[in-house]
Amino acid sequence: MTTAPQDWHARAIAAERSGDRPSGLQLLAEALAEHPEHAGLHNTAGSMALRGGEPVAAETSFQRALALEPGNLEYVLNRAIALGQLGRHEEVLALLAESEAAGATQPRYWSVRGNTSRMAGDLAAARESYDKCLALDPRHAKALHGRARVALARGERQAPQFFDAALAVVNTEADLWLGKAQALDVAGETAQARGIAEQLVAQAPHWLDALHLLAQLRLAQGESDFTAPYREAAQRLKQDPSIPMAHAQTLAGLDHFEQAAEVAADARRRFPDNPGFALLEAIHAGEAGQAERAEAIFAELPMQGSMRSLHEARHRIRLGELDRAQALLDEAVRDPSLEHSAFALLGLVWRLKDDPRAEWLHGQAELVQLRELRNADTILPQAIERLHELHDGSPLPLGQSLRGGTQTRHILFQRHEEIFARLHAAIRATLEDYRAHLPQTDADHPLLRHRDDPWKLQGSWSVRLRGGGDYHTSHIHPEGMLSSALYLIVPQDAQGEERQGWLEVGRPPPDLGLDLEPIRTIQPKEAHLALFPSTLYHGTTPFGDGLRMTVAFDVVPAI
């Protein structure tokens with residue numbers, strides 16, 4: 001005697017809800033053995049897998065359900081969610097476009113499509129989908145949340161009101177309160193933003209995003225002990241290692257290396273079984289110039305792997321042990337997640353050893369270029385005017401290369417203003433001018449291997465520096481392939497022989513203590529775009545008077 005599919009479904013869901021998920025999964029396996037062609041049971045299996053954090057299994061089940069019942073909108077949306085969790089956003093958008101006729105009047109369809117567009121980075125499309133969802137169901141909680149987040153990221157003035165609308169429906173969702181605080185900060189309501197951030201940290205001291213926001217707000221208000229919330233949170237949650245890890249990282253991001261090393265050392269004592277804190281202490285002690293302290297830690301550190309190799313290589317470079325550094329970097333460069341950081345250091349080691357590979361990596365003609373921006377005369381005046389307005393309400397960011405000045409929030413080219421879309425298009429056209437002058441494709445080179453691939457921009461922001469000491473410390477962008485600086489305003493002092501406010505490409509970061517000059521210094525020129533491999537350290541020199549405004553971004557392979 002067989003059991004009806006709906007009865008199998010009910011029994012499996014009841015087991016899961018009672019807390020016995022393994023029994024629920026076993027019941028579904030038995031159900032599908034008995035009814036292998038029942039689409040609803042495959043959909044139930046996918047939903048249970050999704051709730052269990054297994055998106056691969058979920059997608060397989062939803063795909064099977066759709067094969068049995070093509071066009072079923074519920075199964076389409078469920079599969080879309082699973083694919084989205086796997087990061088396959090373009091595939092999701094194609095799937096949803098095929099079902100638009102069936103989903104056009106369904107709020108859930110537009111909510112899922114909005115979420116997918118947002119994850120894919122197309123915020124304009126996300127806004128449109130969320131608005132369609134809310135026109136059908138003004139109290140749709142997920143669409144309200146997504147619409148508020150899109151408003152914040154796009155720089156829409158109504159962002160605080162969007163968060164208020166979402167909170168009116170679900171006022172217990174912490175991320176909405178965090179978003180409202182962020183939106184209030186952008187709107188200049190700093191006291192209100194800080195009040196919310198303080199409440200969030202008080203209620204959830206483990207929440208790193210809230211801690212980061214509160215530290216950023218304290219820094220913007222000129223408080224020297226801006227990382228105090230991390231210290232206080234760590235005292236409340238003594239068994240949470242993520243808090244001191246973030247605390248040390250935040251301090252080091254603004255060159256407070258000795259303090260970062262002490263935070264790591266304290267955590268190392270409290271978490272003796274976590275070798276990550278010993279590595280962290282060694283990293284920041286080395287950056288603080290405490291070579292003997294770092295050496296003692298590396299000598300005893302049991303932790304192995306590419307991350308240790310990368311950071312110990314920095315230590316060996318400081319000590320002048322170039323052969324040991326190169327051997328460690330030869331290991332680290334094989335890790336795709338560390339490849340660009342390792343190549344950046346290898347470039348320095350090869351230069352110090354007069355290795356011809358230094359010329360191959362960074363010295364080939366036209367790897368570093370200064371190119372005139374396409375259509376600059378018709379775009380830059382309006383872009384500069386709007387950027388000044390944004391900078392007037394922007395902070396000195398945590399964890400970036402700026403030492404003074406301000407940096408715009410979020411992704412510049414995702415903002416709602418049409419002028420930034422025009423600037424984006426002009427930059428993409430100028431990138432093709434850069435590409436046309438590059439050396440030939442080289443499968444071993446971190447940039448030239450992608451010479452002929454499609455490219456896309458990843459991240460974009462503007463920096464405004466003031467004379468009197470503002471500058472960029474030497475750094476790299478380890479997630480990029482190609483880095484940039486588009487000059488919008490150049491200080492008068494940049495015209496002199498002192499090379500004030502110039503871009504230095506290839507000068508090592510100060511903590512390495514190396515006597516190496518830049519590979520190239522670039523005099524900033526308004527309406528021109530400097531482009532160079534992301535594996536090249538770069539920074540700027542201070543300047544006396546005036547302003548220096550740039551737009552920057554990273555380029556990565558589109559595939």
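Visitor: In which helix does Ser-309 lie, and is Ser-309 buried or exposed?
Guide: This is a predicted model, in which local features need pLDDT of at least 70 and side-chain atom pairs count only at pLDDT 80 or more, while totals for chains, interfaces and linings use all residues. Residues are numbered from 1 along each chain as its sequence is written, and side-chain values use heavy atoms, with hydrogens and water left out. Ser-309 lies in helix H20, where helices (H or I, at least four residues) and strands (E, at least two) are DSSP runs numbered from the N terminus. The relative accessible area of Ser-309 is 4%, and because buried means under 20%, exposed over 50% and partly exposed in between (1.4 Å probe, protein chains only), Ser-309 is buried.

Visitor: Leaving aside neighbours within four places in sequence, which residues is Ser-309 in contact with?
Guide: Contact here means heavy atoms within 4.5 Å. With neighbours within four places in sequence left aside, the contacts of Ser-309 are Leu-328, Glu-331 and Ala-332.

Visitor: How are the axes of H20 and H22 oriented to each other?
Guide: Axes are lines fitted to C-alpha atoms, for helices over the stretch in contact, and angles run from 0 to 180 degrees between N-to-C directions. The axes of H20 (residues 306-319) and H22 (residues 339-352) come within 10 Å and cross at roughly 20°. Angles under 35 degrees count as roughly parallel, over 145 as roughly antiparallel, 65 to 115 as roughly perpendicular and the rest as oblique, so H20 and H22 are roughly parallel.

Visitor: Which residues of H20 meet which residues of H22?
Guide: On the H22 side, the residues are Ser-341, Ala-342, Leu-345 and Val-349, and those they meet in H20 are Leu-310, Arg-314 and Ile-317.
By class, this contact of H20 with H22 holds one charged residue (Asp, Glu, Lys or Arg), one polar (the others, Gly among them) and five nonpolar (Ala, Val, Leu, Ile, Met, Phe, Trp, Tyr, Cys or Pro).

Visitor: Which residues have the most contacts inside the largest nonpolar core?
Guide: A nonpolar core is a set of buried Ala, Val, Leu, Ile, Met, Phe, Trp, Tyr and Cys residues joined through side-chain atoms within 4.5 Å. The largest one has 35 residues, and among the elements giving two or more residues to this core are helix H25 (418-436) and strand S6 (482-489). The residues with the most contacts inside this core are Leu-423, Ile-427 and Leu-482.
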